[in-house]
Amino acid sequence: MLTQLRPALVLLTMLTAITGLAYPLAVTGLAGLIFPARAAGSLIARDGHVVGSSLIGQSFAGATYFHGRPSATSAADPADPTKTVPAPYNASNSSGSNLGPTSAALAERVKGDRDALAAENPAQPVPVDLVTASGSGLDPDISPEAALFQVPRVAKARNLLEERLRQLVAAQTEGRTLGLLGEPRVNVLALNLALDGLAPR
Amino acid sequence: MTLNGWMQIALYCAVVLALVKPLGLYMTRVFNGERTPLSPILAPVERAFYRVAGIDARQEQHWLAYVGGVILFHLLGFALLYAILRLQALLPLNPADQAAVAPDLAFNTATSFVTNTNWQSYGGETTLSYLAQMLGLTHQNFLSAATGIAVAVALIRGFARASSGTIGSFWVDVTRATLYLLVPLCIPYALFLVWQGVPQTLGASIDATTLEGAKQTIAIGPVASQVAIKMLGTNGGGFFNANAAHPFENPTALSNFVQMVSIFAIGAALTNVFGRMVGDERQGWAILGAMGFLFLAGVLVTYWAEAQGGSVLNGLGFAGGNFEGKEVRFGIVASALFAVVTTAASCGAVNAMHDSFTALGGMIPLINMQLGEVVIGGVGAGLYGMLVFVIVAIFVAGLMVGRTPEYLGKKIEAREVKMAMLGILCLPLMMLGGTALATVLPAGLAGPANAGPHGFTEILYAYTSAAANNGSAFGGLTANTLFYNSTLGLAMLVGRFFVKIPVLAIAGSLAAKKTLPASAGTFPTHGGLFIGLLVGVILIVGGLTFFPSLALGPVVEHLAGSAGQTFATGG
């Protein structure tokens with residue numbers, strides 16, 4: 001085994017230099033040249049301020065915006081750093097709820113969300129993606145049904161015609177890739193930016 | 001289940017199958033040391049490596065020396081990674097000022113990456129510096145994958161050669177796997193991911209002010225370069241905590257599709273390398289056929305279960321499937337398919353939270369790992385795991401007809417069968433033994449986040465994933481504790497080496513044997529009968545070993561859920 005020490009050390013060093021430094025740095029350089037905006041996180045700026053990333057969901061709670069899905073992300077409790085507190089759409093600590101299919105906590109949460117949504121929105125039924133936490137806690141999308149479900153509430157809060165908002169949702173709906181892959185979806189941040197463009201608050 | 005869903009699955013299978021032959025041909029040439037289209041650029045680099053390392057590329061190794069190389073390489077890789085994790089606070093490229101990783105977590109993470117498990121006790125964006133992600137994790141993603149491929153190629157040589165004392169050179173195999181296969185595939189792949197939206201930057205995290213005026217800190221980093229190899233090398237360790245469910249790791253339906261293809265690409269192509277090297281491509285297709293059968297059966301069950309929906313959601317009147325823990329852009333089908341793919345191969349990346357899958361939908365990933373991840377499997381590990389089962393299947397067939405078993409002209413004798421059984425039995429020992437221990441000790445019982453049978457499944461899944469070197473998790477389990485970090489680390493080591501070493505012993509013993517010409521009495525190993533026998537042996541061995549544990553976890557949970565029962569923690 002001792003005769004193998006030299007090849008082991010040399011190869012580990014050289015292959016590490018190639019795969020751990022040269023490769024990621026080369027990709028960083030190339031990506032920055034070819035796709036600078038995407039390599040930097042697909043950020044969206046409005047009036048010179050970064051308002052978020054088009055790929056990362058953010059929390060919307062007010063009546064005048066379309067809402068995203070429940071998010072199970074958390075953050076350190078400011079009062080006691082050993083504990084965590086719920087912090088929806090915390091983009092520096094991605095996580096799902098990890099509640100199992102027979103969890104009583106899941107049943108309670110879904111029921112609460114369903115009742116709250118039903119109280120806020122006259123439309124029926126409540127789409128399933130609006131009561132289920134996403135895998136990352138940062139899902140930027142909702143289903144087109146979930147967007148249409150919220151149209152009456154937003155229309156009322158913004159004093160806009162529902163028909164106008166339905167057109168907006170349709171324009172913001174992205175179909176399946178190549179007509180086949182994935183699911184139709186609406187990016188909530190893009191939808192809300194378009195909404196602000198339509199009728200500034 | 002929808003027509004569109006089945007079309008996505010069919011397209012996936014078609015693309016993977018289309019890659020088998022061309023990639024198989026290329027890999028065969030690489031590992032036979034023949035000229036490839038990349039040789040003009042890479043051959044001088046390769047030669048320089050060997051010169052500095054003092055290696056003669058033509059000098060091959062006895063299987064024991066090959067084992068020595070494997071162990072030494074793992075050992076040094078472990079030491080390097082452990083050091084980087086412990087020292088990351090003092091090293092550059094740490095814009096978030098991450099502190100040194102704790103000793104037990106560093107042990108667990110280093111073990112996990114060296115063994116190609118990539119279990120995430122660490123939290124990605126909350127624990128690791130960019131340097132630790134690149135120089136630490138990315139480099140082991142390459143090297144642990146290259147090692148797996150090398151061992152598979154060595155075993156193939158055992159079958160292909162006659163009366164030979166050597167099975168190839170570990171140093172040459174590992175260098176070629178990295179230089180000719182993994183790096184050239186990863187560079188365009190990583191750029192494709194950036195095109196889809198995966199970030200690749202050394203800049204610090206971004207502070208945004210949301211439309212509602214809140215502050216959102218967005219973690220970012222050199223993500224694409226790591227995601228490319230984590231998929232292609234079936235490593236699975238995420239840059240972010242949420243792994244491939246995170247929109248920055250897997251932004252679109254297309255990136256998701258390509259990631260699933262890349263998990264299977266090398267593992268599937270290795271069956272073709274096997275066929276080519278033993279001189280009969282049909283042998284490779286037969287093995288791929290057995291893998292394909294088990295894969296499709298798994299996809300069918302998981303897709304069905306997830307489309308049916310979970311008992312809690314269905315009980316409250318929601319249609320549309322089990323969406324808890326899933327992302328809208330992937331939907332039910334691409335999440336279910338990903339879960340089966342990632343556990344069939346030993347990848348362990350997840351694009352949806354397996355912990356929130358339905359009882360039966362989550363059982364299939366568990367079974368895939370318990371069977372030893374022989375369905376395509378980890379790069380290299382899947383093929384050699386499957387060949388171990390082939391030896392057992394051939395042995396069983398020999399017992400039934402009363403002849404000395406033979407495979408590809410090699411007599412399968414006591415030594416091979418003993419080694420094969422050692423490789424097969426070490427997995428249940430760690431999976432079930434570890435689970436048994438954790439379910440009686442307070443330190444183990446403190447882990448599960450869910451109550452009732454689901455909590456038991458969380459523990460079972462953890463030890464299964466660790467021993468099978470998968471790395472996916474029922475993420476609710478609090479595994480970053482001294483107890484879990486150390487016992488799971490041990491399970492990973494046993495699962496890696498107590499399969500690899502017996503496999504190399506088999507390779508050595510087979511290579512030394514004469515190859516007998518086929519006769520009228522030879523059992524043909526490229527047809528449906530053989531495929532059926534192989535699938536049967538895998539299911540019987542797996543079923544007998546693991547059914548009781550599955551009955552206690554997912555089966556009970558399914559029955560309780562169907563009866564409308566829920567389980568509360570602390571109650």
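Predicted model: local features only at pLDDT ≥ 70, side-chain atom pairs only at ≥ 80, totals over all residues.
Helices and strands here are DSSP runs, a helix having at least four residues and a strand at least two, numbered from the N terminus. I keep that in mind for my first stop, A:Pro125, which sits in the loop between H3 and E5 of chain A.

**Entry 1**

**Entry 2: chain A as a whole**

I went through the secondary structure of chain A and listed six helices and seven strands. Read from the N terminus, their order is α-α-β-β-β-β-α-β-α-α-β-β-α. Is the chain compact or spread out? The radius of gyration of chain A is 22 Å, well over the 17 Å that the globule rule gives for 201 residues, so chain A is more spread out than a compact globule. I also took the spans of the C-alpha trace along its principal axes, which come to about 75 × 45 × 40 Å.

The domain assignment divides chain A into domain 1 (10-38) and domain 2 (42-198). I put the C-alpha centres of these two domains of chain A 35 Å apart. Buried residues make up 48% of the 201 in chain A. Of the contacts in chain A with a separation of 6 or more, 53% are between residues 24 or more positions apart.

**Entry 3: where chain A meets chain B**

I turned next to the contact between the chains, which takes 87 residues from chain A and 109 residues from chain B. On the chain A side, the elements giving two or more residues are helix H1 (5-34), helix H2 (36-39), strand E2 (49-53), helix H3 (104-120) and strand E5 (141-142). Which of them gives the most? That is H1(A), with 21 residues. Sorted by class, the side of chain A that touches chain B has 45 nonpolar, 32 polar and 10 charged residues.

**Entry 4: H7 of chain B**

H1(A) came up again when I looked at helix H7 (residues 223-232) of chain B. Of the 10 residues of H7(B), 10 are buried, so this helix is largely enclosed by the rest of the structure. Among the buried residues I noted B:Gln226 and B:Lys230. What do the buried residues of H7(B) pack against? They pack against H1 of chain A together with H5, helix H6 (170-196) and H8 of chain B. Just after H7(B), I found B:Thr234 with a positive phi of about 45 degrees.

**Entry 5: on through the loop to H8 of chain B**

In the loop between H7 and H8 of chain B lies B:Asn243. B:Asn243 is not a glycine, yet its phi is positive, about 60 degrees. I count B:Asn243 as buried because it has 32 C-beta neighbours inside 10 Å, and 20 or more are enough for that label.

Where does H8(B) bend? I find a bend of about 35 degrees at B:Ala265. H8(B) is mostly covered, with 23 of its 25 residues buried. After H8(B) comes B:Gly279, with a positive phi near 85 degrees.

**Entry 6: the two domains of chain B**

The assignment gives chain B a domain 1 (3-204 + 217-280) and a domain 2 (383-562). Their centres, taken over C-alpha atoms, are separated by 23 Å. I find 39 residues from domain 1 of chain B and 36 residues from domain 2 of chain B in the contact. On the domain 1 side, helix H3 (63-87), helix H4 (103-114), helix H5 (130-160) and H8 of chain B are the elements that give two or more residues. H5(B) gives the most there, with seven residues. That side has 17 nonpolar, 18 polar and four charged residues.

I looked up B:Lys500, in helix H17 (residues 482-512) of chain B. Is B:Lys500 buried or exposed? With 24 C-beta neighbours inside 10 Å, B:Lys500 counts as buried. Leaving out residues up to four places away in sequence, B:Lys500 touches B:Val70 and B:Val151.

My last stop was B:Asn469, in the loop between helix H16 (453-467) and H17 of chain B. Its phi is positive, near 60 degrees, in a residue other than glycine. B:Asn469 counts as buried, with 32 C-beta neighbours inside 10 Å.

Terms used: Residues numbered from 1 in each chain as written. Chains lettered and ligands numbered in written order. Bend = angle between axes of the 7 residues up to and from the residue. Buried ≥ 20, exposed ≤ 12 C-beta atoms within 10 Å, placed from the backbone. Contact = placed C-beta atoms within 7 Å. Nonpolar A, V, L, I, M, F, W, Y, C, P; charged D, E, K, R; others polar. Domains from an automatic or database assignment. Rg over C-alpha atoms; globule rule 2.2 N^0.38 Å.
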